[in-house]
Amino acid sequence: MSHLKLFATILKRHGFKLLEKQDIARRAFLHEQRYFSSATSEPFLSGSNSNYVEEMYYAWLENPKSVHKSWDVFFRSANVGQAAHLPAQLEGKASFLQSHGLAPTPGKAEKLVEDHLAVQSLIRAYQIRGHHVAQLDPLGILDADLDSFIPSDLITTIDKLGIFLFVFCSTLLINNVPVAGFYGLHESDLDKVFQLPTTTFIGGNENSLSLREIIKRLEHTYCQHIGLEYMFINDVEQCQWIRQKFETPGVMKFTNEDKRTLLARLVRSMRFEDFLARKWSSEKRFGLEGCEVMIPALKTIIDKSSEMGIEYVIMGMPHRGRLNVLANVIRKELEQIFCQFDPKLEAADEGSGDVKYHLGMYHERINRKTNKKITLSLMANPSHLEAVDPVVQGKTKAEQFYRGDTAGKKVMSILLHGDAAFAGQGVVYETFHLSDLPSYTTNGTIHVVVNNQIGFTTDPRMARSSPYPTDVARVVNAPIFHVNADDPEAVMYVCSVAAEWRNTFNKDVVVDLVCYRRRGHNEMDEPMFTQPLMYKQIHKQVPVLKKYADKLIADGTVTLQEFEEEIAKYDRICEEAYTRSKDKKILHIKHWLDSPWPGFFNADGEPKSMSCPPTGISEELLIHIGNVASSVPVEDFKIHSDPFISDLHSDVGLSRILKARSEMTQNRLVDWALAEYMAFGSVLKEGIHVRLSGQDVERGTFSHRHHVLHDQEVDKRTCVPMNHLWEQQAPYTVCNSSLSEYGVLGFELGFAMASPNALVCWEAQFGDFHNTAQCIIDQFISSGQAKWVRHNGIVLLLPHGMEGMGPEHSSARPERFLQMSNDDSDAYPEFTEQFEVSQLYECNWIVVNCSTPANYFHVLRRQILLPFRKPLIVLTPKSLLRHPEAKSSFDEMVSGTTFQRVIPENGPAAQAPHEVKRVIFCTGKVYYDLVKERKNQDLEKQVAITRLEQISPFPFDLLKEELDKYPTADLVWCQEEHKNSGYYDYVKPRFRTIVNHTRPIWYVGREPAAAAATGNKNMHLVSLRRFLDTAFNLEAFEGKTF
């Protein structure tokens, strides 16, 4: 059998197929090196040349064509015993092979190749699976990967190779294969020197090591207090970078100054928790005990990042350790933290506020390590542990965008996680999947997992199916560095490497701090109920500060006196701050603001005015924007023009859509899409950035928008006409998102936090899809200002309308937004000159359902022109996008015009209000059904129809005028939604407040139902017919009591 066949057989027999990828890099290296021997002047049989010949032989065994043809001839001849007939220049090579046992003896050649392959496989096994046997648990009782199995291809001690493997295991079988035969190595091979592959750096400056030394260095790198997961990364350069950082001998060295700094940071971290425990022993604070190393870890990341040019770090984290981070990383004044524990502290009239361990903070300071200015922002977060993740990413993206930081070299994010939440919360996965998308990437995030090895009371074995809590990061090829949190120096090194990784490759990285939770879920909780054995060990556990201090005192880095002085110094700082905290009488939430807008509000944080200018624009601007919207402002750009017409689609090509826009502009008309175009385009001219995000928003779910044009002949060539309106304009960003609501809405919310001078819109594919993002809506958008004094102007565009499309594509669930609106249904307001704007300022968000394109145009522009910011919920249409009556004239949009909160009846009924028998109040699309039916029944004088465009805050003033206009008419609320959905439960008590409960407001619409809509088209039409008949039956409510 030839050597090549035997080589293949050996590979197959020992399962070395995994070596193929590894050896690609090695062959490339050999190919480069084969013509450049560094010892050309040395005798052929010198040491360096002998290594060179061996390399040539290995390369030839793998692929004869990979070596020079002279070597190919030589090795072929040597293998068949023909060396004696070779040319003179090759005779020396033949004798060299003979003397080194390489040829022509087949057995020795096979063994040599087999042994080297075994060593390479051994090295690779440690690189891939060494983390499984790393000593990660500070308690020494759990396996961080939930699996006590030791991979059979790892040799974790020299003794195991030399004695255990070949004596004790001589009869042990794994998968019916003797363990001793896994590598085919013997104890006698321990001192044999092997050539190291180019895919390892354990040799340092040496190219070869003994097997004994190889195993020792592999154990030191992969099986101690650091566990590395990176071999799944499909980029050779990145893998090599990580290997070099961790495998190079002596790479993890710290100066005495570094060690003293680390000790001082540990002192602050631990003594802060001790101080809180002494002063407020019965208060919940979700302390950091058991992972005090997190504070120096974060500071190391920030120091290293600042050194590499980072100016702004945005952080998100759960409640555990938040107070410590605020105190010792962000540097919040300690007295501001301590006064939060005072139960007698009065709250300023700024909203509901939040518990202290949910609050955020923004701070600019000088980084003492680098002497550079650094800005730190810790985002406020609810108890929904991972909800803040996409919010942080969105804000980070915005800060990068406004700074022109396209590579993320100035602004970065750090996300902290708990182990149970990181594995269990789906938004973590959604956030990771935004990490490399062009319009969402933040150019790498450093994730720090506080791995307590327990949830609230849930054991990890019941909390996740994956080996590690961090396995979700593997989906985006993020390296994962597990580290024993009781080894502070290992933690600091890992964090430093993580910061360098992010700066070098602009990719996410995970630092898994394997630690423990010294107390229960909170300080009042008893963990012994559910984890008795773990907490028995924890009670015995020596704190990391004492361990590290003893180590430094023993090696002379610090003295005991210096250590005690450092403790006394920080204790004194805490006591002095505690004394000052007693002088605090009022708690101001605004002191905890995480996203300030300098210059937007006055010095007291109030709006500079309480008025809003008209939202109309000049006709010249309308015409200009309309002309650009109907054109292709790029030369040689082929747009879609060949119509595709079927029974199911009415779209007849993009060229016809653009032509229709042009004709509307000439006729001084706009439909929904053109009105949106003009709203966006006009604020861009005013320097306001517009960002529209969501699923399929570039074209629009209903193929109406077309803000991104695609060249029909050149792949990936696109044009965004909105960015060609003016030479000096703000940029327009329109981006299709991943198929995510929770993560993407959170991201856009964070983006809107960064600046008030941006119109940030998120559009749901269908309105009811927002319910998968309900956590962001409930915990951040609805209540964010009340809890955290945080203004936000995000716009939610939610397609809504009952059109027979089934339960899931009909309702945007407006009742949910109205239920969470904070205006009082029973309080009759005082109408002042500034009532409209004041009412908007007092509300928590604005809910509108526009019935005309012009009003949609105005409400978008009003969002920017208001002197404050509130979330805007827009129930957008579907069928109205192409409804022939749903068009607006330029006259409704020109200078001097404004948003109409209520559109009153302006037909024959309004001319003779005392003859009107019924006033129908409605909102949205149903108006067009009502108008058509009223005309069909010839009731235009007897029935008035008034539209509520702004539903919340409720337009008490305008509706009072309408009600007073028709004093004898029946009052009816008509909606197309079911009675237990929609608006009726919200508007009824408010109408009754206006009329002082003297007149009923009758309901007309669909009956209550569990599902939002029917899936049967006929049933849909029947129910529509039924409530339209009731709406115009002027005797429908006679004899009935309200």
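## Overall organisation

The model described here is a predicted one. The chain has 1042 residues, of which 59% count as buried, and its secondary structure comes to 35 helices and 30 strands.

In soluble globular proteins, nonpolar side chains tend to be buried together. In this chain, the largest nonpolar core holds 178 residues, and within this core Met294 and Phe338 touch the most other members. Helix α18, spanning residues 488-505, supplies the largest share of the core, with eleven residues.

The surroundings of Met294 can be listed by residue. With residues up to four places away in sequence left out, Met294 touches Leu288, Met317, Gly321, Val325, Leu416, Val450 and Leu513.

## The pairing of helices α22 and α24

Helix α22 (residues 619-629) and helix α24 (residues 672-685) have axes that come within 9 Å and cross at roughly 115 degrees. Because of this angle, α22 is roughly perpendicular to α24. The crossing of the two helices is right-handed.

On the α22 side, the contact is made by Leu621, Leu622, Ile625, Gly626 and Ala629, while α24 contributes Leu674, Tyr677, Met678, Gly681, Ser682 and Lys685. Sorted by class, the residues in the contact of α22 with α24 are seven nonpolar, three polar and one charged.

## Two buried loop positions

Ala348 is located in the loop between β7 (346-347) and β8 (361-367). Its relative accessible area is 12%, so Ala348 is buried. Apart from residues up to four places away in sequence, Ala348 touches Ile586, Leu587 and His588. Ala348 and Ile589 are separated by 241 residues in sequence, yet their C-alpha atoms are 7.4 Å apart in space.

Ser981 belongs to the loop between β29 (970-978) and α34 (984-994). Why does Ser981 count as buried? The reason is that Ser981 has a relative accessibility of 6%, and the cut-off for a buried residue is under 20%. When neighbours within four places in sequence are set aside, Ser981 is in contact with Arg813, Glu815 and Gln975.

Note on methods:
Residues are numbered from 1 along each chain as its sequence is written. This is a predicted model: local features need pLDDT of at least 70, side-chain atom pairs count only at pLDDT 80 or more; totals for chains, interfaces and linings use all residues. Side-chain values use heavy atoms; hydrogens and water are left out. A nonpolar core is a set of buried Ala, Val, Leu, Ile, Met, Phe, Trp, Tyr and Cys residues joined through side-chain atoms within 4.5 Å. Buried means under 20% relative accessible area, exposed over 50%, partly exposed in between (1.4 Å probe, protein chains only). Helices (H or I, at least four residues) and strands (E, at least two) are DSSP runs, numbered from the N terminus. Contact means heavy atoms within 4.5 Å. Axes are lines fitted to C-alpha atoms, for helices over the stretch in contact, and angles run from 0 to 180 degrees between N-to-C directions. Angles under 35 degrees count as roughly parallel, over 145 as roughly antiparallel, 65 to 115 as roughly perpendicular and the rest as oblique. A crossing is left-handed if the near helix is turned anticlockwise from the far one by less than a right angle, and right-handed if clockwise. Ala, Val, Leu, Ile, Met, Phe, Trp, Tyr, Cys and Pro count as nonpolar, Asp, Glu, Lys and Arg as charged, and the others, Gly among them, as polar.
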